[in-house]
Amino acid sequence: MKNRRKYRRALPLRAFLLFLAVSAAVVVSFILWGDEINGWVNDAIASTDGNRFFVALVLFLVLASDIILPVPSSLASISCGLFLGWKLGFAVSFAAMSVSSAAGYAIGRISSTAAEKLIGASDMASLSCFQQRFGAWTLLALRPVPVLAEASTVMSGVARQPITQVALQLALGNATVSLFYALAGAFFGNGEGTAWWAFLAAMVVTGLFFLAKAVVSRLCDGTPSKRRRHCRFESTEDA
C-alpha cells in the first residue's frame, strides 16, 4: 500500500457550492416574502401603542426568527434603539440575535449528515479543516453582513465546529452589531443613511477583531500552526 497526499489550498468546490446554496436560500426567501414581513413588523409595532414591553417583545421575536424568516434585521436592530433607548435596545437586540445564531448553528449541525452525503466525505473533511483554520473568526467578520451572516452561521454547524469556539465569536459579533445599531437608532433615528453608518461602524470593529486575531496567530507558535499544516493535507491510500 502506498500513501499519497493531496494538497488543498482552498474550500472544495462542492462545499463552496453548498455555501452558495445556503446564501441563495436566504436571498430568495427575502425576495419572495421580505416586503410582506416588513409590513407585518411595522403593523405589529404600531399596534403596541408605544408600550415598551410589547415593542421589546415584537422586536425580540422578529430578530430571533431572522435565521428562518426574511426579516429586515438591520431596521429591527435600529428600531430597538429608536423605541427602547440604546441600553435596553442593545440588550433586546443582542439576546434575540444570540437566539437566532444558536438556531442557525443547530440547523447546520442537524443537517450535517445530509450535507456530507451530498458533497462527499472527502469534501466534508476538507470543509471541516477549512472552518477550523478560518471559520471561527470569519463568523465574527461576517456578522454585520446580511445573508453571509446567516449562511456562515449555518455552515459552522454543518462543519461541526466546536460550539464553545463558535459561541465566543458569535457573541462578540452580535454584541458589536447590536451596540452600533442600537446607538444609531437612539441618537439618529431611522433616517436615511442611518443603517449604512451603523453597518460601516460594525464592519470596522469586527474587522479589527479579525485583524487582531490574525496578528496574534502570527506571533504565536506551536499547536495552531501545526494544526493548520495538518488540515492542509488529506491522506489517501493507493493499492
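A polar contact here is a pair of N or O atoms within 3.5 Å; within protein, one must be able to donate a hydrogen and the other to accept it, and residues adjacent in sequence count only if both atoms are side-chain atoms. Hello everyone, and keep that in mind for Ser156, whose side chain reaches the backbone oxygen of Thr153 at 2.5 Å.

Some ground rules. This is a predicted model, where local features need pLDDT of at least 70 and side-chain atom pairs count only at pLDDT 80 or more, while totals for chains, interfaces and linings use all residues. Residues are numbered from 1 along each chain as its sequence is written, and side-chain values use heavy atoms, with hydrogens and water left out.

Ser156 sits in helix α5; helices are DSSP runs of H or I, at least four residues, numbered from the N terminus. Ser156 is buried, at 0% relative accessibility, where buried means under 20% relative accessible area with a 1.4 Å probe, protein chains only. What does Ser156 contact, leaving aside its neighbours within four places in sequence? Tyr105, Gln131, Leu139, Gln161 and Val166, with contact meaning heavy atoms within 4.5 Å.

Now the whole helix. Ten of the eleven residues of α5, residues 148–158, are buried, so this helix is largely enclosed by the rest of the structure. After α5 comes Arg160, with a positive phi near 60°.

Finally, over to Val71, in the loop between α2 (52–64) and α3 (73–119). Val71 is buried too, with a relative accessible area of 6%. Its C-alpha is 7.5 Å from that of Phe30, 41 residues apart along the chain. Beyond neighbours within four places in sequence, Val71 contacts Phe30, Ile37, Val62, Ser65 and Asp66.

Technical notes:
Buried < 20%, exposed > 50% of the residue type's maximum accessible area, 1.4 Å probe, protein only. Helix = DSSP H or I, 4+ residues; strand = E, 2+ residues; numbered from the N terminus.
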